[in-house]
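Subject: Structure handover

Hello,

Here is the structure I said I would pass on. Please open it and keep it beside this email while you read the notes below.

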Amino acid sequence: MSDILLGYQVSTGKEVRIPFAHTVVCGQTQASGKTTTLEGLLSRSGGDLPRPALAFLTKRAESAFVKARSIPPYFRDRADWQFVESILEAMMRERMKYQREWIIRVCQGATTLERVAKNVESALHGDRHKKAATSYAAGMYLQLSEYFKLLMPELRRLKLNMATRGSALDLKPGLNVMDLSDYSTEMQSLAIASAMEEIYRRRGVITVIPEAWEFLPQARNTPVKMAGESLIRKGAAAQNFMWLDSQDITGVDKRILKQVGVWILGVQREVNEVEHTLAQMAVPKKLKPKPEEVMQLRRGQFFACFEDVLTRVYVLPSWMPAEVGFTIARALPAQAGDELVKNAIARFQPASARHEEDENVDYRELFEDAQRTIEQLKAEIEQLKRSGAGAAPAPTPKDRSSALVPPATEFVGGNNDEVSMSLEVKRPVIDLTVRKYVIEASDATKTGRLALLLSQGFFDQPRKIANLNDEFRARGWMKQTGAPTPLNLDLAKLAEMGFLRLVGQATYQAVPGMRVNVKEVEAVA
Ligand SMILES: Nc1ncnc2c1ncn2[C@@H]1O[C@H](COP(=O)(O)OP(=O)(O)OP(=O)(O)O)[C@@H](O)[C@H]1O
Ligand SMILES: [Mg+2]
């Protein structure tokens, strides 16, 4: 079979069949019927023996596929620097241009991410063979070390899951679903990418990628994007196709969209969104619907655009008898058609497919979560009140000049004040880039407290972590005995943003010219 039944043309009831190709299904959440469309197509993708297809569940509340086989998460280790860089970019949602050199170094000779993480630690702290990094290198390795600390526990959890549920990517004919909703987006990205890499060693597999704007963004690399580009380029020859399921395609990588052969457009309500979608389609203008036509679509209706065809179609869900779909299409676009759709849903849609958004939300868990947060906040407020009682009374704006504040800054001390910072960074390049960061932090957080110290000139001279621990203890911000609260990450962040410089091993100093503006907020002691 070289094509698949999508549904019936609105008003004539003519069959609409689409070719196997890289495909986009887009449209507004719930109101369009994307999952229903994909599931209908997949169920008819191979006659008696449908093609193997793999979809990913990435959100708890996502409407699930009804007739799917659940498979365990899959991950295959890699440690080339391009891959590692893409993971970090996916994690940080920004490019890793400045870190590249250091990423390359820690990936040398590694074949697993676990090894890369170890390499980062030895580079940062030194080992039998080499000394600990210093100055700029130390700052870079510190950043990488913190990124890996976020990544590795999730990766180990996923690997444990694989160890107990099977470690191969076992795809059977029909729809296979990998539930990744328990993992962070970064980990999901890793698992999806691994599965795609495995798929391009096979033939005739359809991969359904959810939320394309998140996993295949234009602006940065993600593991899925790297794997997706290869799959979409080489895939068609091996009959491996990518089907994108995405509310809208704003911000989706253009190189990927260029390879799309079939567009299935459902209702979108925002005229800008529709215009953007239409602009991204690499088909002649006469094969594109008008924006207002897209905005008038209703649930289950789509414009299908492919080859030289542009047609409005009522999509046949997997659970609906073909003759019912045909009758509905003939009655549409009139109101009577919509009535028939409603009746057909009531009569034929299995209860398991009626995934109203609320159904999947675990309110009890949410409620308990909220309770825990409230308790935590109460304890923090109590602690702040206690530490505030012993501290010097907060200077009022009137006696500010006599307070411990350098004249260039405005500062009102005391707990619960807000500190906002803005700064300029000038990089020594020919076309000068000026970046301005604004941090809103209260002095109840570590970053806020460091900001306060910055504003008070504490970092005008080089300060070691030990000096900071002493200062934090003197201000009642840290317990007096036992291990100190780690401040490295907060310091590294301030250094990355250009407030601080690492001027020796774990020694920081304020960047000349950086500016801290402190916002005055009335504080109740
Ligand atoms: N072709 C159709 N015929 C009849 N009912 C449909 C059709 N498509 C969707 N529906 C109805 O709309 C509901 C939502 O559809 P679906 O879950 O496919 O939307 P979605 O666009 O994938 O939403 P989300 O963006 O939240 O994933 C379905 O449960 C079903 O009742
Ligand atoms: Mg859906």
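Two residues are in contact if their C-beta atoms, placed from the backbone, lie within 7 Å. Note also that this is a predicted model.

I began with helix α4, which covers residues 113-125. Helix α4 has 13 residues and spans 18 Å between its first and last C-alpha, close to the 18 Å expected at 1.5 Å a residue. Its buried residues are L113, V116, A117, N119, V120 and A123. Viewed down the axis of α4, these residues fall within an arc of 155°, so they line one face of the helix. What do the buried residues of α4 pack against? They pack against three helices: α2 (81-92), α3 (100-107) and α5 (135-165). After α4 comes G126, which has a positive phi, near 85°.

S11 is in the loop between β1 (3-9) and β2 (15-19). Its phi is near 80°, a positive value in a residue other than glycine. S11 has 15 C-beta neighbours inside 10 Å, so it counts as partly exposed.

Q239 is in the loop between α8 (223-234) and β8 (241-246). Q239 is not a glycine either, and its phi is positive, near 60°. Because Q239 has 13 C-beta neighbours inside 10 Å, it counts as partly exposed.

The last item is a cis peptide bond between L332 and P333, with omega about 5°. P333 is in the loop between α12 (322-331) and α13 (335-348).

Regards

Note on methods:
Residues numbered from 1 in each chain as written. Chains lettered and ligands numbered in written order. Predicted model: local features only at pLDDT ≥ 70, side-chain atom pairs only at ≥ 80, totals over all residues. Helix = DSSP H or I, 4+ residues; strand = E, 2+ residues; numbered from the N terminus. Expected span 1.5 Å × (residues − 1). Buried ≥ 20, exposed ≤ 12 C-beta atoms within 10 Å, placed from the backbone. Arc of directions from axis to C-beta.
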